[in-house]
Amino acid sequence: HWMRLWLTLVALGLPTVAAAQRELHWDALQVTAHLNSRGTLQVAETHRMVFSGDWNGGERTFNIWPRQRLILTGIFRDNAGRWQPLREDASLNHVDDYAWTDSRTLRWRSRLRSDPPFNNTPLGYELRYDLSGILLRDGDPYLLDHDFAFAGRPRLIGRFQLRLTFDSAWQPLDQIRYVYTQNDLRTGQSFPLRIPLHFTDTGEPAALDSSRPREIQLAVLALIAATFLIVIAFYLREERLGRFDPLEPADHITESWLAQHIL
């Protein structure tokens, strides 16, 4: 009787133990991205996250390269099918607060410390932002080289989907798909795309010019050649002075030799 009672109590306690364990993964990450005529990538990321344990909320780390700029236009939580906006507050003291904790890390509050731990709890969030300086240019064509699934996350993404569209000013030079999908993106695994593009409109879209003027190329070559000649001249001078001659045997180094040659 007592053994059955003890086993019953243990069984009832198992969900509590499981709920206390920290586990997080993405059931799905859906990305919608549009490259406008100015060369800015307009992105909406829908994160379907599943929490277990005493997590405070979510985090998104952005890999922003020099001369790129990210403008966050909003964070929203799925509230019974309606997107509810979050509030920016550096304290992160309240549920639905969000803040930048550094120049590339965005965090938001999903649970108070006093609340019960999550227990396999699904939560949906949408991040909307504009990313400029996303294009590379070395003459023509332009190149879109971007990772659409952030690799710095610590957990699995079960289902990844990307819908990528372009303004009519852009003509992709490779075959592209309207929808890209991949299952089971592991920790550290990303989804990069490299798509060459031809710009058909007037004006100059924002792009990072990776080409160098001919004057700079010639100047770099001249510096390399001058450095090489200086090294050769130094070597010849040292050889002429006998700096590379073999050392005399040690038994020739006496007190009188030191007085004559060193002291």
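**A walk from the core to the sheet**

Let's start in the middle of things. The largest nonpolar core has 45 residues, and the ones that touch the most other members are Leu144, Phe148, Phe160, Leu162 and Leu164. Keep in mind as you look around that this is a predicted model.

Now hop over to glycine 39. You'll find glycine 39 in the loop between β1 (23-35) and β2 (41-53).

What is glycine 39 in contact with, once neighbours within four places in sequence are left aside? The answer is Leu131, Ile134, Leu135, Trp170, Pro205 and Ala206. Take leucine 131: along the chain, glycine 39 and leucine 131 are 92 residues apart, yet in space their C-alpha atoms are 9.0 Å apart.

Next up is a sheet. Five strands make an open sheet with mixed pairing, and they run in the order β13-β15-β11-β10-β16. The edges belong to β13 (170-172) and β16 (208-209); each has a single partner strand, so one side of each has no neighbour in the sheet.

Finally, zoom in on one pair from that sheet. Strand β10 (residues 135-137) pairs with strand β11 (residues 142-147) in the antiparallel sense, over three bridges. For arginine 137, the bridge partner in β11 is tyrosine 142.

Note on methods: Residues numbered from 1 in each chain as written. Predicted model: local features only at pLDDT ≥ 70, side-chain atom pairs only at ≥ 80, totals over all residues. Heavy atoms only, no water. Core = buried A, V, L, I, M, F, W, Y, C linked by side-chain atoms within 4.5 Å. Buried < 20%, exposed > 50% of the residue type's maximum accessible area, 1.4 Å probe, protein only. Helix = DSSP H or I, 4+ residues; strand = E, 2+ residues; numbered from the N terminus. Contact = heavy atoms within 4.5 Å. Pairing = 2+ DSSP bridges.
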